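Here is a friendly walk through some side-chain pairings, a helix crossing and a few backbone details. Please have your viewer ready.

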Amino acid sequence: MQCMIARFGGSYRGPRSLTHFHQTKARPMFRVLSLEQLDVANKRALVRVDFNVPVKTGTVQDDFRIRASLPTLRYALERGASLVLMSHLGRPAGTGFEEAYSMKPVAGALEAQLGRTVTLLEDCVGDSVREACMRLKPGEVVLLENLRFHKAEKKGDESFGKQLAELGEVYICDAFGTAHRADASMTVPAKVLPAAAGYLLLAELEYLGKLVQAPPTPFVAVLGGAKVSDKLPLLRTLGPKCTTLCIGGAMAFTFLKAQGKEVGISRLEQELVETAGEILEELAAQGVEVVLPVDHVVAESLEATQTKLADGEAMPPDLAGYDIGPRTVEEFGARIAAAKTVLFNGPPGVFEKPAF
């Protein structure tokens, strides 16, 4: 069985090499200027990447997203470009430098993967940063410090975005994980510089286009994450195209509450319970099977050392669900095994914690 699996949120592995990319002829079903249509030769390429990776005690725990950016970076470097890379990391306060969210570990991990020096700059804007970028020679690479050390980034501030744009001569967006955000680094440089999509973004759009147009069926979507509010467009756009929707993560509790189920102290969007009920009714009327958790891994809090299994019909009122249980895993797994198209969007549990 051939099965197309698409994972959104910056998690696609990207082509194994440029040759692999060309052989697969991955092209998006959207009007997007591709990297190959952008003249990067001997130019400073300002590249928005998604290096929002897990860091613990100064070490990158998973370099998956860094590796996914390599085809785009290598393509530009092979054509004599210098690179000015920018990304956010974590959720700093936006009031200045915070050691815990510095891009320093990322620079080291990228240097190891890229096989050439990656210089971390002290900030992402300012005179010294601009001067350092202007001095770049072909083949040199700098990484800007965390964009979110400035509140202006998340606000989509035009002035801040133009300061970033001054650092490059062309702009490449390869940050699919943040492509839905109107952050300054995502929107402003694309308006003032010649711009194109990198290989990772192009490949994600290719898969997304297939899902929107004519996905091979059975089409199973596994949705997770914290908020129903984040998934409403996906539920209403792709939901009716699915054969089955498997809903896990904290967002599942809003749907379970809409069915009148006990959810304990689990995370809940009370204001969307009625909307969740309406969505379930709409999907049922359209013939879409919705599979909700029938059991949960529960605890007093995310920091608890003791966990329990709880039946979905007997959720303890003083505990919260942080993962799907084994019966739910079987239910989801059976649908996935029979599918020809699988969309993963968000985790069904708090995977950062070993207990979940």
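## A salt bridge at lysine 43

Lysine 43 is partly exposed, with a relative accessible area of 24%; here buried means under 20% relative accessible area, exposed over 50%, and partly exposed in between (1.4 Å probe, protein chains only). Its side chain meets that of aspartate 39 in a salt bridge, at 3.2 Å from N to O. The term salt bridge stands for a side-chain nitrogen of Lys or Arg within 4 Å of a carboxyl oxygen of Asp or Glu. Aspartate 39 is also partly exposed, its relative accessible area being 48%.

A word on the source: this is a predicted model, in which local features need pLDDT of at least 70 and side-chain atom pairs count only at pLDDT 80 or more, while totals for chains, interfaces and linings use all residues. Residues are numbered from 1 along each chain as its sequence is written, and side-chain values use heavy atoms, with hydrogens and water left out.

## Further salt bridges

How many salt bridges does a search of the whole structure find? The count is 17. Side chains of opposite charge can pair when their charged atoms come close.

One of these joins glutamate 206 and lysine 210, at 3.7 Å from N to O. Both residues lie in helix α8, 4 residues apart, or about one turn of the helix; helices (H or I, at least four residues) and strands (E, at least two) are DSSP runs, numbered from the N terminus. Glutamate 206 counts as buried at 12% relative accessibility, whereas lysine 210 is partly exposed at 30%. Elsewhere, a network of salt bridges links Asp127, Arg130 and Glu166.

The whole structure holds 3 aromatic pairs. Rings of Phe, Tyr and Trp (its six-membered ring) pair if their centres lie within 6.5 Å; planes under 30 degrees apart count as stacked, over 60 as edge-to-face and the rest as tilted. The ring centres of tyrosine 75 and tyrosine 199 are 5.7 Å apart and the planes stand at 85 degrees, so this pair is edge-to-face. Because tyrosine 75 belongs to helix α2 (residues 64–78) and tyrosine 199 to helix α8 (residues 199–213), the pair ties together parts that are 124 residues apart in sequence. Tyrosine 75 is buried at a relative accessible area of 7%, and tyrosine 199 is buried at 1%.

Tyrosine 322 and phenylalanine 356 make a tilted pair, with 5.2 Å from centre to centre and 50 degrees between the planes. Tyrosine 322 sits in strand β15 (residues 320–324) and phenylalanine 356 in the segment after β16 (341–345), so parts 34 residues apart in sequence are tied together. Both of these residues are buried.

Arginine 79 is partly exposed at 37%, and glutamate 78 is exposed at 57%.

## A buried arginine

Is arginine 148 buried or exposed? At 8% relative accessibility, arginine 148 counts as buried. The residue lies in the loop between β7 (141–143) and α5 (151–155). Not counting residues up to four places away in sequence, arginine 148 touches several residues, among them His88, Glu153, Arg181 and Asp183; contact means heavy atoms within 4.5 Å.

## Backbone details

The peptide bond from threonine 217 to proline 218 is cis, with omega near 0 degrees. Proline 218 lies in the loop between α8 and β10 (219–223).

Asparagine 42 is not a glycine, yet has a positive phi of about 60 degrees. This asparagine is in the loop between α1 (18–24) and β2 (44–48), and is exposed at 58%. Threonine 57, not a glycine either, has a positive phi of about 50 degrees. The loop between β3 and β4 (59–60) holds threonine 57, which is exposed with a relative accessible area of 77%.
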